[in-house]
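Hi there,

Here is the structure I promised to pass on. Please have a look at it first, and then read my notes below.

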Amino acid sequence: MLKLFSCLLDYLMSKKIIEKNSHNLIGKDIISLDQFSPEEIKEILYTAKKLKPLRDLAKPSKILSGKIISLLFYEPSTRTFSSFTSAAQQLGAGIIPIQNAASSSSVIKGESLKDTILTLECFSDIIVLRHPENGSANEAAAVADIPIINAGDGTNEHPTQTLLDMYTIFEETGRLTNLTGVCAGDMLNGRTVKSLIKGLSLFKGNTVYLLSSEKLRIARRELHALSASGIKLIEISTEEEIPKNADFWYWTRVQKERFTNLKEYKKHKNTLVLTPRLIENYAGKKTIFMHPLPRVDEIDVSVDNDPRAVYMHKQMRNGVYVRMALLALVTGKKV
């Protein structure tokens, strides 16, 4: 009875939140986790949950019928590009897919980001942008008259990845407050970690341990800024310091593309590997294992069979639901 009451209360709260904030995201750019309130994040997550059943329908819905989504990717991408494509098509939208824009579009002729954005907004209702330079999403938003969704700008942020990560954590743990998490790997270059910290800082009582080598620690300026947001951050450098009560482990790869020295990359790439031994020694029975992907060698493939590993199926699929929610909310479509 108590569980039933809790589920009913959760449903009523989600309905209240969606009704209260249903116009907050219409026409807005999605650039950074800094722009969201806790209520807006809940709205996105509850909308994703509501749209999830559409994935199993034989035909796409017509929620975004007549809308065109441009996918402008200057950097390689499998999951983000594909899940935005799937999300748009599941909702009935058309897409303009541009992968490897630096070598497969007028960019190769010297066209600026500004001119490319101004061109695509003539044909689109939303532009989803991935770009290697920090601040590029803000630059695009400043010139566009249609919404820009940041799909990753350099080492800065990846807000839609964070929203799907938060959806995954919420689905698996039932909450976004009083969490203990471990983020491991490349804290210096990892935009997903920075965005996740920003998202979790909006909710009370969260603690995140940052496990990395000294070379790959998060920049001091960013660490101080993130700590000031209210979340508790604890830097650790050895496996023995991993807390045994963690709700989630968020592993990341060492980002080869951010290194100018290949020898330096090879020195750091396998310093932290998620293995069954590590899990046995430090993970809790309910600790979930996450990764933004792609992985290289930082997760032993045998970990895939652990029921607590959610990165290869649940976490990836959640990306479609969350991006469906964002596309619907930004265009103001009722779901």
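This is a predicted model: local features need pLDDT of at least 70, side-chain atom pairs count only at pLDDT 80 or more; totals for chains, interfaces and linings use all residues.

Numbering runs from 1 along each chain as its sequence is written, and side-chain values use heavy atoms, with hydrogens and water left out.

**The chain as a whole.** The protein chain has 12 helices and nine strands; these are DSSP runs numbered from the N terminus, helices being H or I with at least four residues and strands E with at least two. Of its 335 residues, 53% count as buried, meaning under 20% relative accessible area with a 1.4 Å probe, protein chains only. Among contacts (heavy atoms within 4.5 Å) with a separation of 6 or more, 74% are between residues 24 or more positions apart.

**The sheet.** Four strands form an open sheet in the order E2-E1-E3-E4, with parallel pairing (strands pair if DSSP finds at least two bridges between them). Strand E2 (94-98) and strand E4 (148-153) are at the edges with a single partner strand each, so one side of each has no neighbour in the sheet. From one strand to the next, the twist averages 10°. Five bridges link strand E1 (residues 68-73) to strand E3 (residues 126-131) in the parallel sense; isoleucine 69 has isoleucine 126 of E3 as its bridge partner.

**Threonine 116.** This residue lies in helix H5 (residues 113-120). Is threonine 116 buried or exposed? It counts as buried, because its relative accessibility is 6%. Beyond its neighbours within four places in sequence, threonine 116 is in contact with Leu72, Tyr74, Val107 and Glu111.

**Two helices.** Helix H7 (residues 159-173) and helix H12 (residues 314-331) have axes that come within 8 Å and cross at roughly 115°; axes are lines fitted to C-alpha atoms, for helices over the stretch in contact, and angles run from 0 to 180 degrees between N-to-C directions. Residues making the contact include Leu163, Leu164 and Tyr167 of H7, and Tyr321, Val322 and Leu326 of H12.

Best wishes

Methods
Buried means under 20% relative accessible area, exposed over 50%, partly exposed in between (1.4 Å probe, protein chains only).
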